[in-house]
Structure formats: structure tokens, C-alpha cells
Amino acid sequence: MASAGAVEGNCAADVPAMSSRKLMDLYKDSELDDIPSRVPLTAEQQEYVGCLFNSMLDVIEQKRSLGENDSAFGQGKFFWPKEPSKPIKSSLSYEVDNFKFRSISIGFTRKDPASAWSMAGLRIHPRNFPYGVFEMRLPKSFFGRLVFESSHAEERKNESLEIVNVFWYKKETNGRTINLGFEADPRVSDLKDGYPRSFHSVAIYLGPNLEPFTKELATGTTDVRESIVRQLEKLGLAMDAPAPDKFAVIRDHSIIRALAVGGFAKDDAAADRAAQILLDRCTPSDLAAFAPIYTASLRQLKGDYLRIAAKAKTVEARRFVEKMALQAQWRAQPERRHAIRLAQAALGNIRIENEFIDAAVQAERSAPPAPRNRFYNVGMARDGTELAERLQSLGWIGTRSSLLAACGYLRSPLKSYVRDISERSVRYAALDALLYNYPDERLLHGPKDHAGWIAAEQFCTRNLDAVFDGPTPDLPPDLPYPTRMLTPPSRK
């Protein structure tokens, strides 16, 4: 592979007037149907991809500058959302015509024009993607500058590739961590290989300098540790830039690592808070990048990461969780037995998962009469409090089957009650179960109108193949009762 700073020779940007600089592309003029599903890269193409990748990494490491007309990437274009004459110079892209063979695009992002470039992305695939992918056959030395962290498979039902293998690497530079995520088609890059022999995209981003935080997490008092954990939460959320229809979540892997490692350095309230942040503020796929941490703990039959491993779907840990479930300390106490059974279901124990799904069905069927209150006659209403609790369990399990079952209660007429205090539709409990697994989906957070509930049902249909018959019901109740009885008027 080319050296790290190479921008000359085979790695120099293509100039349209110099067509001889193009590399051989066997399928350049082919019809899409004539391009095979696996397109092998030549040795020269492979070397060129290595040069581009290393040049991108050099930019993020600030080993070289990035130009609008760049020696490696060619003529770039700044992104502007409204006024072309006033580009916002925080996002710079280099399109396919710049490169020496088809279907390569590269982009860089920074906070503002005065900041260094902190994110970069490369996409590379033949024109018939996703049917076709490049078969790169990269040597392990391609990733020689990086430290391998983890790999896992992701299901992406509504994307062009429904199953993607993700490989995570990191690189320490100037006291900061660069995180790299490579995405690959399982057809050309197996997880068993231990590294991505091929990939169709890579994201590179620079994390914050967390060294002062991690040192205090290891040695500080509980109060200090709690304060740092909360600062990490705020920092992680601030680093996300969600679309208008999304919530900010913690995606930066250096922050997730700090919470998952330093946050658990001591058995105290700070560790409890770190665990809750990881569960509430991270997506399952981002948690999955740290599966080795959870597995190592569970291998020792410790329960610190039990719920996190369940949400991350750390299937490597299943055999240890099954072993823990046989131990008296996890069977004797009802709360611990419930926790281990949830983890078993989340990690692939279908028998136990079906028991939880059946328990929700039974809770609906056997719902008792609603409790009376001082404010109105509940009539023949039934109490869905137990069903709401069962739906929470389905959310914690978070498998496709359990979430599909939760979607089925988005039209439930039942309500849960806190006697003489409040009542809440079970439909909200179904939404909460979904939101736990999709924490960035704003439409799952308490829809305010009928259209919002329709959108939530459509989300279930798109992502989980849920089927709803007839129109969406009216808005469900979620209300507190009056805090005090009104004083009746005095009679004269």
C-alpha cells in the first residue's frame, strides 16, 4: 500500500484533460445488467484506494492541509443550503469525476471555517450497487496504521443493503482518538476474517480529548465521577447533529468507550448513571461496537453489563448469560431472575422471548377492572397497568419479534392507572418500548396529534412489517387528575 502522505503519482487527483491518468475500468461503459455482482479491483486500483484513504486520514490527523482544489482529491465543492453566492465552508465534497475510476466519492466536514477538519467519509462501489460490490481483497496491512476494536453485523431493513458487516478501528493522535467505521457487504467481507477484506464505505471522525476525564473516572470520588459522567453525556449529545425529525444521541465512540470503561471503574452511583446513559442515549448499533467489553465481564459471570449487552445484542455473550441463569444467585431473587431472563430473550433464547410475548397477551386478556377514582366514573374500563409493564419488558428485549408484538398495542384501548393521581394510555407504553431501541426517532416520543400517531404506525410498518387494519384511533389520554377538589360555593 502507498505511504501515508502520498499525494503524488498514482494518488494524485485526476485532471479531465489528461484522460491517460484514468485507471482501467472493465465495466465503464457496460449496461447495469451486464456488471457482475462482484467486481474485482486490480492491484493498481487497490493501491489507488489505499492512497486516497491514507490522504484522508492525514487530513483528519492534521498532517496535511485540504484544498478546495486538492492534490489528491481534485476540485471540491462547498455545500450551501440556500444562497449559492454564500457557501457555508464547513462541508467539502469531491465527486466521482475527480477520481481515476468510477463510483468513488469523498467528503470532509468541520465545525466552522476556522476549525480543523474533524470528519471524513469515503464511498466506493460499482454503478450497479447494491446488487454489485467491489471485491477488493485487501491485505491486513491496509489497516496497519489503525487498532482494531470490534466488528458486528447490522440489519438495516429499509436501506439498500439489508445486512451490513461493520468493522470499528481507532487511532490515537495528539491525545485524541480517531474513530473509523468500515461498512462491508457480507458477500465480500466476512466477520470471521477479522478485518474488512472489502468495504463500500468508511467514516472517519475525530473524537474529543478525554484524557483528563478518564483519569478522574479511574481515581475520583463518587461525586467527582458522577459529575464527569454527566459532562460526558452533555458533550456526547452536543456532538451529534440530528436532522429536524431526530433526537440527538451519543454516537461518538470515544465518549461511549469512556462511559463503558471509566464509568464502570468503581461500583458506585456514577457507574449506575453511566449505565443508564448508555441505555437511554445510545443506539443498539453504537453499543454493539464495544461487545468485547461486555463479553469479557459476562465471561466472569458478572452482571454489570447485562442490560447493555442485551440492548447491544452481544450474541457472543449468550453462552455466558445462559450459564449465569443456572446459578442460584440469579435464580433466587425475583428481580435478578427477571433481569437474566430478559437478557436471555434479547440474546436469542426464543423460548423465553415467546414467554414474555405471551405474558403481554395474557395481561391484556386478564386485565382487571379499572380502579375507581374521585373524579369520574370509570364504568366498565379495565386496568392495563400490568400490560404496560409487560410492554416495557418487550422493549428491553428489543428483538424484531418482541418489537413487532409491541407495535400491536399501539391501538390498545387500555389505560394504566396510579389511583387518584393519573391515568395513561397503554399506547404510550408501546411507544416507549420502541423508543428505547430507536432513541433518535423523534416521532416515537409522545405524538401530539392524530398525524403523529399515524406516523408512529407507519414507522412500525416500514421497520418491522407491522400491519394495522382500519383507521388510526383518536388521541389517547395521558393526564394527571386534579391535585385537589374544588371547594363548593357556600350557600346563603
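Visitor: What makes the second largest pocket, with a volume of about 730 Å³, a pocket?

Guide: The second largest pocket has a volume of about 730 Å³. On a 1 Å grid over the protein atoms alone, a pocket is an open set of points with protein on both sides within 12 Å along at least five of seven lines, whereas a cavity is a set where a 1.4 Å probe fits but cannot get out. Grid points are joined across faces, edges and corners, and the volume is the space filled by probe spheres set on the points. This is a predicted model, in which local features need pLDDT of at least 70 and side-chain atom pairs count only at pLDDT 80 or more, while totals for chains, interfaces and linings use all residues. Residues are numbered from 1 along each chain as its sequence is written, and side-chain values use heavy atoms, with hydrogens and water left out.

Visitor: Why does Ala218 count as partly exposed?

Guide: Buried means under 20% relative accessible area, exposed over 50%, and partly exposed in between (1.4 Å probe, protein chains only). Ala218 has 46% relative accessibility, and therefore counts as partly exposed. Ala218 lies in helix H2 (residues 211-219); helices (H or I, at least four residues) and strands (E, at least two) are DSSP runs, numbered from the N terminus. Not counting residues up to four places away in sequence, Ala218 touches Ala265 and Lys266, where contact means heavy atoms within 4.5 Å.

Visitor: Why is strand S10 (residues 163-173) called largely enclosed by the rest of the structure?

Guide: Nine of the eleven residues of strand S10 are buried, so the strand is largely enclosed.

Visitor: What makes S10 and strand S11 (residues 176-184) a pair?

Guide: Two strands pair if DSSP finds at least two bridges between them. Nine bridges join S10 to S11, and the strands run antiparallel. One of the bridge partners is Thr177 in S11, for Glu172. The hairpin of S10 and S11 has two residues between the strands, and Asn174 takes a positive phi near 55°. Strand S9 (residues 147-155) also pairs with S10 in the antiparallel sense, over eight bridges, and His152 stands opposite Val166 in S10.

Note on methods:
On a 1 Å grid over the protein atoms alone, a cavity is a set of points where a 1.4 Å probe fits but cannot get out, and a pocket is an open set with protein on both sides within 12 Å along at least five of seven lines; lining residues have an atom within 4 Å of a point.
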